[in-house]
Amino acid sequence: MASFLARLHKAVTGSDAGVVATPFTDLGEVSAPQRDDIARVYGLGVTEGTTATTFSPADPVTRAQMASFLARYIRQASV
C-alpha cells in the first residue's frame, strides 16, 4: 500500500514525496525502500499507522482501507 501510494504521488507530481521520521517501531523487517515509502505516505498524511507506534507492515490491506488511503491522498493532494 505504501509503495503504491508513493509511486502514485511521484506519477502525479513528478517528484518523490519527502522521507520524514515516523514513530513506527515495527519496521525492522521491511526493506529500506519500503521504510522510505512508509515514511513518505506518513509525511503526506495518508496514514497514521495502526497504533501510535505501529504500522503493521505484514497485515493485509482491505479494499475499504485502500479506498480510505486513496481518498486521504486525494484530499491531501488537492489542498
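A residue is called buried when its relative accessible area is under 20%, exposed when over 50%, and partly exposed in between, with a 1.4 Å probe and protein chains only. By this scale Tyr42 is partly exposed, at a relative accessible area of 27%, whereas Phe24 is buried, at 9%.

The model is predicted: local features need pLDDT of at least 70 and side-chain atom pairs count only at pLDDT 80 or more, while totals for chains, interfaces and linings use all residues. Residues are numbered from 1 along each chain as its sequence is written, and side-chain values use heavy atoms, with hydrogens and water left out.

## Aromatic cluster

Rings of Phe, Tyr and Trp (its six-membered ring) are taken as a pair if their centres lie within 6.5 Å; planes under 30 degrees apart count as stacked, over 60 as edge-to-face and the rest as tilted. Two aromatic pairs are present in the structure. In one of them, the ring centres of Phe24 and Tyr42 are 5.3 Å apart and the planes stand at 75 degrees, so the pair is edge-to-face. This pair links distant parts of the chain, 18 residues apart: Phe24 is in the loop between helix H1 (2-13) and helix H2 (32-43), and Tyr42 is in helix H2. Helices here are DSSP runs (H or I, at least four residues), numbered from the N terminus, as are strands (E, at least two).

Phe24 also forms an aromatic pair with Phe55, and this pair is tilted, at 5.4 Å centre to centre and 50 degrees between the planes. Here too, distant parts of the chain are linked, since Phe55 lies in the loop between H2 and helix H3 (63-77), 31 residues from Phe24 in the loop between H1 and H2. Both Phe24 and Phe55 are buried. Together, Phe24, Tyr42 and Phe55 form one aromatic cluster.

## Helix packing

Axes are lines fitted to C-alpha atoms, for helices over the stretch in contact, and the angles run from 0 to 180 degrees between N-to-C directions. Angles under 35 degrees count as roughly parallel, over 145 as roughly antiparallel, 65 to 115 as roughly perpendicular and the rest as oblique. A crossing is left-handed if the near helix is turned anticlockwise from the far one by less than a right angle, and right-handed if clockwise.

H1 packs against H3 at an angle of about 30 degrees, with the axes 11 Å apart. H1 is therefore roughly parallel to H3, and the crossing of the two is right-handed. Contact means heavy atoms within 4.5 Å. On the H1 side the contact is made by Phe4, Leu5, Leu8, His9, Val12 and Thr13, and on the H3 side by Met66, Phe69, Leu70 and Tyr73. By class, the contact of H1 with H3 has eight nonpolar, two polar and no charged residues. In this classification Ala, Val, Leu, Ile, Met, Phe, Trp, Tyr, Cys and Pro are nonpolar, Asp, Glu, Lys and Arg are charged, and the others, Gly among them, are polar.

H1 and H2 pack at an angle of about 65 degrees, with their axes 8 Å apart, and they are therefore roughly perpendicular to each other. H1 passes H2 in a left-handed crossing. Ala2, Ser3, Leu5 and Ala6 of H1 meet Gln34, Asp37, Ile38, Arg40 and Val41 of H2. By class, the contact of H1 with H2 has five nonpolar, two polar and two charged residues.

Val46 is located in the loop between H2 and H3 and counts as buried at 1% relative accessibility. Leaving aside neighbours within four places in sequence, Val46 is in contact with Leu5, Val41, Phe69, Arg72 and Tyr73. Gln34 belongs to helix H2 and is partly exposed at 37% relative accessibility. Thr51, in the loop between H2 and H3, is partly exposed at 42%. The table lists C-alpha separations that involve these residues.

| Residue pair | Separation along the chain | C-alpha to C-alpha |
|---|---|---|
| Val46 and Gln76 | 30 residues | 7.7 Å |
| Gln34 and Met1 | 33 residues | 9.9 Å |
| Thr51 and Pro23 | 28 residues | 9.7 Å |

Ser56 has a positive phi of about 60 degrees although it is not a glycine. Ser56 is placed in the loop between H2 and H3 and counts as buried at 19% relative accessibility.
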